[in-house]
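Here's a quick briefing to read alongside the model. Have the sequence and the 3D view open as you go.

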Amino acid sequence: MKWVYLVAGIALFVKMLIVANPEGEWTELSIVESIVTDSGVPNAVSGIIFRNRLYDTIFEVVVFSIAVLGVRFLLANEQPTENVYQFSDRPSIVLARLGATIAALVSIELAIRGHLSPGGGFAAGVAGGTAIGLIAITSSSEWMETIYTKWKAATIEKVSVLIFIILAVLTLIGWELPQGEIGMLFSGGVIPLLNILVALKVALGSWAVILLFIRYRGLL
């Protein structure tokens, strides 16, 4: 029996050396073009994330939500930090808040126009979380938590995830909005809405995690 395996292995090795791999009739450019045509957005990455592999994107959003819940669970029995040290010198505060303003504007741009240019919901959420983090290192943690509670950020985060899953499921079963004219702001069907929902989820989830770590671990 071992000789059979040996002969089969040698035959496979010879096959890999001699027989060329079959090549498809399409090129990389045609793949990108087909994705753009099918999704109706110039940004092929957004087309892949929110159409071609939407199943994977749904679970990515769910995993991020579970990570936020995990941080809450693991720190639930911790004692809050008594002294939270933050930047107090004026130049650092001005630079951090200037950076936060720029990051917030970039986040809005990536969320709204992520289906037309490089960017998208996840990148927009990261930029939004960066803006919140820069504010957190220069502002009172109590004030940050007051704003978080006042604007019901936790509720908005959960609702955005729920709406995202509903829209994604409807898309997967075949229901789609009109794609519109490719390259225009109101185009791509449901993809721009999914971009905005993911941006909200990631930014607000980052805000929750930042507040928890500041409360129980301090800042510096």
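Predicted model: local features only at pLDDT ≥ 70, side-chain atom pairs only at ≥ 80, totals over all residues.

Residues are numbered from 1 along each chain as its sequence is written, and side-chain values use heavy atoms, with hydrogens and water left out. In short, the protein has nine helices and zero strands.

**Overall fold**

- Reading along the sequence gives α-α-α-α-α-α-α-α-α; helices (H or I, at least four residues) and strands (E, at least two) are DSSP runs, numbered from the N terminus.
- Of the 220 residues, 36% are buried, where buried means under 20% relative accessible area, exposed means over 50%, and partly exposed is in between (1.4 Å probe, protein chains only).
- If you take contacts between residues at least 6 apart in sequence, 79% of them join residues at least 24 apart; a contact means heavy atoms within 4.5 Å.
- The protein exposes about 13,700 Å², with 70% of that supplied by carbon and sulfur atoms; accessible areas come from the Shrake-Rupley method with a 1.4 Å probe, and for residues only the protein chains shown count as cover.

**Largest pocket**

- The volume of the largest pocket is about 550 Å³.
- Among the 20 residues lining this pocket, Gly128, Ile132, Ala203, Leu204 and Trp207 are the closest to its centre.
- A pocket here is an open set of points on a 1 Å grid over the protein atoms alone, where a 1.4 Å probe fits, with protein on both sides within 12 Å along at least five of seven lines; lining residues have an atom within 4 Å of a point.
- Grid points are joined across faces, edges and corners, and the volume is the space filled by probe spheres set on the points.
- α5 (90–113), α6 (121–136), α7 and α9 (191–217) each put at least two residues into the lining, and α9 gives the most, with six.

**Nonpolar patch**

- Tyr55, Leu162, Ile166, Val169, Leu170, Leu172, Ile173 and Trp175 make a nonpolar surface patch of about 770 Å².
- Patch residues have over 30% relative accessible area and no salt bridge, and nonpolar side chains (Val, Leu, Ile, Met, Phe, Trp, Tyr) are joined within 5 Å.
- The largest share of the patch, five residues, comes from α8.
- Leu170 sits in helix α8 and is partly exposed at 31% relative accessibility.

**Salt bridges**

- There are six salt bridges in the structure, each a side-chain nitrogen of Lys or Arg within 4 Å of a carboxyl oxygen of Asp or Glu.
- Arg53, Asp56 and Glu60 are linked in a salt-bridge network: Arg53 meets Asp56 at 2.1 Å, N to O, and Glu60 with closest N and O atoms 3.4 Å apart.

- Most residues other than glycine have a negative phi.
- Lys152 has a positive phi of about 50° although it is not a glycine.
- Lys152 lies in the loop between α7 (141–150) and α8 (153–172) and is exposed, at 54% relative accessibility.

Key
Patch = residues over 30% accessible without salt bridge, like charges linked within 9 Å, V, L, I, M, F, W, Y side chains within 5 Å.
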